[in-house]
Amino acid sequence: MNSLSPQQYNDIKQSALDKPQLDYDDIAPLLLQHQQNPLFRFTRLGQSALGTPIWQIDIGTGPVKILAWSQMHGNESTATAALMDLLNFIAAKPQKNWRDNWLSKVSIRLIPMVNPDGAAAGSRFNSMGIDINRDAKALQSPEGRLLMQAAKEFKPDFGLNLHDQNRFYAVGDTNKQATISLLAPAFNEAKDIDAARKRAMQLIGDMRDLLETELPGYLAKYNDTFSWRSFGDTFAGMGISTVLIESGGHPRDDNRQVARKLNTQLLVMSIESIGSGAYQQQSLSAYQAIPFNRDGGIKDVLINNLAISVNGNNAQVDLALELDTSGGQGRVRDIGDLSIYGAYQQFDASGLQYQAPKAYTLSKALTLDNAAYIALLRQGYSHFSGDAALLSNNSDFPVVINPKGLATTTPQRHRLATFLLRNDKGVQLALLNGQLLDLNRAALLDIN
């Protein structure tokens, strides 16, 4: 089996985990369900600083050992969902022959959600404010001590370190998102390659081959700078063949379900490859050919070819917008020639001119429907000021009330992404907190 078929994946995917953030309550019922399965040996490894259980799950009896752990950063939950999918796949009756191929060759230890306190808070850090992944040497966090304890007791041959990276990473110099980034972390400043690191690189070669089939062009290599305090680098120094898997963004995939599926496929393939020893046939060239990821290479929104004018000086520029995924305010992040960047959403503003935002003052009760709102926008009003309680928005469009930090004559970096776009026939579009409204179609634009 080289990868899961769409039907196989749909059969084992936990649909309830299609969420931007997972916490312990999301996975607790699934863990309880799997505790009844004799294939899985559950042990309460310990608890978080606030007392939430941290579990380890052992599978198989083979001499080659794989340790995989997820969500040591609490706000990085993509791979936790993949581990739940993996448990479903291993337990599925149709996979008996597949299981039998490796159960006596491989022993697996899974630690899902190393940092449940951070998960509950949607935070990278644990409840003590400690970055667990920078605690591999000091071991001041209870969660970090448990992870180190599990590794020292288990003595894994391979370690799969599962994380999320920010959505702005691009693949090398391309404009594609780094949906998956892989790394065989260094164990010293010189980035030497010993036998353990070579095995990790070879396994990544197998991962690369799978991803080139499943999602070509969206794979990158994570920064390989040696990080003395980090668990991946520390485990590599302990002779564990460690592979970092970073889940990133993908177009039209706010909850990172594309990366989740790829994680599941990579986990399944890794079990097969390690159990059979197939990875040993890989040369290091496959690993070395993976381009490094480029932070900041992807923008949330790019508005291209927008005309601006200052004191008689005319220019045509691109704007990069950054959206607050928690529902906050969108802002202008960059201005100029942005042709080297990719974006989740892109709009060609050729033939349109920037028009500065202008406030409509609320002096009495105002009810907006679509037609009334568009009429105000055509008059050059982009937002509202005054008593917000006077405004009733019955339209289908977002409103901006009493914003702080709007630009004036031209767009400005770090200012709010609210202004108008016009041509010689008047206002044609409104950018409302990072969302583009086409006045002629009376519709928010899907500008992917």
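**Pockets, cavities and a helix contact**

The largest pocket is lined by 45 residues, of which Arg-167, Asp-254, Asp-300, Leu-323 and Thr-325 lie nearest its centre. A pocket is an open set of points on a 1 Å grid over the protein atoms alone, with protein on both sides within 12 Å along at least five of seven lines, and lining residues have an atom within 4 Å of a point. The model is predicted, with local features requiring pLDDT of at least 70, side-chain atom pairs counted only at pLDDT 80 or more, and totals for chains, interfaces and linings using all residues. Residues are numbered from 1 along each chain as its sequence is written, and side-chain values use heavy atoms, with hydrogens and water left out.

The largest pocket holds about 1,200 Å³ of space, a volume being the space filled by probe spheres set on grid points that are joined across faces, edges and corners. Two or more residues of its lining come from each of α3 (78–91), α9, β14 (342–348) and β22 (435–438). The lining of the largest pocket divides into 11 nonpolar, 21 polar and 13 charged residues (Ala, Val, Leu, Ile, Met, Phe, Trp, Tyr, Cys and Pro count as nonpolar, Asp, Glu, Lys and Arg as charged, and the others, Gly among them, as polar). Elements are DSSP runs numbered from the N terminus, helices being H or I of at least four residues and strands E of at least two.

The second largest pocket has a volume of about 340 Å³. Of its 20 lining residues, Asn-133, Arg-134, Tyr-222, Leu-244 and Glu-246 are closest to the centre. Strand β5 gives the most to this lining, with three residues.

Two cavities of 30 Å³ or more were counted, a cavity being a set of points where a 1.4 Å probe fits but cannot get out. The largest cavity, of about 40 Å³, is lined by Ile-66, Ala-68, Leu-86, Ile-108, Leu-110, Leu-160, Leu-267 and Ile-271. Its lining has eight nonpolar, no polar and no charged residues.

Helix α9 (257–276) gives two or more residues to the lining of the largest cavity. The axes of α7 (residues 195–214) and α9 come within 10 Å and cross at roughly 135° (axes are lines fitted to C-alpha atoms over the stretch in contact, with angles from 0 to 180 degrees between N-to-C directions). The two helices are therefore oblique to each other, as angles under 35 degrees count as roughly parallel, over 145 as roughly antiparallel, 65 to 115 as roughly perpendicular and the rest as oblique.
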